[in-house]
Amino acid sequence: QNVLQMNAINSNYIDPNNLKFEEIKILGAVQEITSVTVSQNNVVENVTATITYNPLEKVAHITGLQLELGKSYTVKWTQELSVNGRFDCYPSPNATQEKCEQLGCLWDPATSNSNVPPCYYSSDNAYSVDKVEYTSSGLTANLTLNSAKTRANENFTAPISTLRLEVKYHLNNMLQFKIYDYQNARYEVPIPLNLPSSPTSTDNERLYEVSVQKKPFGIQVRRKSTGTVIWDSQLPTFTFSDMFIQISTLLASQYIYGFGENEHTMFRRNMSWHSWGMFTRDQPPTYHLNSYGHHPFYMALEEDGNAHGVLFLNSNAMDVTVQPTPALTYRTTGGILDFYMVLGPTPELVVQEYTALIGRPVMPPYWSLGFHLCRYGYRNDSEIAQVVEDMKRAGIPHDVQYVDIDHMERQLDFTIGTRFAELPALINRIKDEGMRFIIILDPAISGNETNYPTFSRGVQDDVFIKWPNTNDIIYSKVWPFLPNVQVNESLPEQTQIKLYGAHTAFPDFFRNSTVAWWKREILEFYNNPTDSSRSIKFDGLWIDMNEPAAFMNGAIGGCRNDLLNMPPYIPNLGERSEGLAFKTLCMEGQQYLPDGTPVRHYDVHSLYGWSQTKPTLE
């Protein structure tokens, strides 16, 4: 093994032109070749060989050899896992050798570079494939767990043994593969995609082909026209448990783009942990997704200029790490693995195919492309009127004016503060001059009012998120202040919230009753049914703070489910030590889908902004 005995002779023929073999390709090299020696008659020769390794194709290319025709040589090489090929087996903080080896992984802090994981997977993953069934539109298979290779055996991180793989060839340019527990129902993203009712691809026209590695489990997607492997998860990092799922794939791309709101929008492979990424020079970029909303989607530009896109349909808290193998690792705290790939082959077609799948962008109104002016802290309606006049006098283009929560009575949605009593008339005057006006709305609704129809009607319609198995609303603190208190505005804002903040409830925008309630509140603010002079004729709504954001962790009195708020693995969020409820709602909050299916806030947290946007747009 790792030895090539080469006889470059033919009947003792010696070439008069001094021909030499200068390169060798080794196929199926599962690890990087790090050194080569050449010997003749057991004497090592002085050869300076250059080695390149393609981890995706598992091909090593050795050049710089000088093997003369007419002689016999022994070529030996060493294979070992490069630090660039390490997949982190202990992504949580404070890794130790003991913790690492308890997972069945290797411990080797081989370099001084703190970005290289000292705890990494060794070889095979714990799953193999059984009962593969092929059809003209895809394949299915069961994944069998090898208990001897299971790495995490604590509660909620023990690997699940009843997994199924489904691959569907939806279109000639789009496929899906899905891994889930076929014996136990789990949460799946409830937002439907635009998929054909039945697959419409054909074998001749399909841009891709899929192969499944049986032992250990792996799945590979290849572009037919070029043979480029665009997805290869034949790696030792596949894990699927109750509250921790991880899968890695080798990247066939020089550039990847995407991952939602993160500032790292484009990366180029530089083959080093230290220099990976065009914007992050000190560490491999990791995307931490548990926020207002995210799209776990990337577009990759292949070496030959073709492009493809990959969507991971999962809304649980997750992180996505890119490393210099090059490879990419998804880690999520729940749900299932559900991937959709579009094959382009141009970047423009990738975008078109992706938006065909998830829904096209809304066409913005013409006026929204103009000049906008917005700030937090307007003291009264006269100040806004003065700003508009000053802009006009200075000849500065000014198409759209905003107002933040300042306009509300103690930051209560759908109210007008006393200092903004003339706001309805001001908006009408601005609009008569051809301008537009936008107001802000936050989702948190105060529950401490004696006469606040928005809250009382919400209670009546049962719209607020509650503690599980109770009829009690979960209350936190956000913007609204308590009624009938004198606020010391000289105090820091967070101190004011702590002292004077009201109990606020969060609407569950998935529920049909909440959708109807929210639309009614908006319409009655626009057309006041009791006093038309107080109608706010806005042109657009700015919905904010809908992570949902809070100014305290979880809820008043604390959260009640330690496991959901501090799961076994916590993505590296802003305040990792504080858990998933940091400055947001408790993860055990009970929500309901439109059909009445109960879901945990733990699973749909990153869909909260989307769930509010949809009825607001409607």
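Where in the chain is Phe 414 found? The numbered points below take up this residue and other features of the model.

1. Basis of the model. This is a predicted model, in which local features need pLDDT of at least 70 and side-chain atom pairs count only at pLDDT 80 or more, whereas totals for chains, interfaces and linings use all residues. Residues are numbered from 1 along each chain as its sequence is written, and side-chain values use heavy atoms, with hydrogens and water left out.

2. Confidence. The protein chain has an average pLDDT of 88, and 91% of the residues score at least 70; pLDDT is the predictor's confidence in each residue, from 0 to 100. Over residues 260-285 the pLDDT stays under 50, and the model has 76 contacts beyond four places in sequence for that stretch. Contact here means heavy atoms within 4.5 Å.

3. Backbone at Phe 414. Phe 414 is found in the loop between strand E28 (400-403) and H4. Helices (H or I, at least four residues) and strands (E, at least two) are DSSP runs, numbered from the N terminus. Although Phe 414 is not a glycine, its phi is positive, at about 65 degrees. Most residues other than glycine have a negative phi, and most peptide bonds are trans.

4. Cis peptide bonds. The bond from Lys 215 to Pro 216 is cis, with omega near -5 degrees, and Pro 216 is found in the loop between strand E14 (208-213) and strand E15 (218-223). Gly 344 and Pro 345 are also joined by a cis peptide bond, with omega about 15 degrees. Pro 345 lies in the loop between strand E26 (337-342) and helix H2 (347-358).

5. Helices H3 and H4. Helix H3 (residues 381-394) packs against helix H4 (residues 423-432) at an angle of about 15 degrees, their axes being 10 Å apart. H3 is therefore roughly parallel to H4. Axes are lines fitted to C-alpha atoms, for helices over the stretch in contact, and angles run from 0 to 180 degrees between N-to-C directions. Angles under 35 degrees count as roughly parallel, over 145 as roughly antiparallel, 65 to 115 as roughly perpendicular and the rest as oblique. From H3, Asp 381, Ile 384, Ala 385 and Val 388 meet Leu 423, Leu 426, Arg 429 and Ile 430 of H4. By class, this contact of H3 with H4 has 6 nonpolar, no polar and 2 charged residues. Ala, Val, Leu, Ile, Met, Phe, Trp, Tyr, Cys and Pro count as nonpolar, Asp, Glu, Lys and Arg as charged, and the others, Gly among them, as polar.

6. Helices H5 and H7. The axes of helix H5 (residues 453-461) and helix H7 (residues 512-526) come within 10 Å and cross at roughly 160 degrees. H5 is therefore roughly antiparallel to H7. Thr 454, Arg 457, Gly 458 and Asp 461 in H5 meet Ser 513, Trp 517, Arg 520, Glu 521 and Glu 524 in H7. The contact of H5 with H7 has, by class, 1 nonpolar, 3 polar and 5 charged residues.

7. Helices H7 and H10. H7 also packs with helix H10 (residues 608-617), at an angle of about 55 degrees and with axes 9 Å apart. H7 is therefore oblique to H10. Val 515, Trp 518, Lys 519 and Ile 522 of H7 make the contact with Gln 612, Pro 615 and Thr 616 of H10. By class, the contact of H7 with H10 has 4 nonpolar, 2 polar and 1 charged residues.
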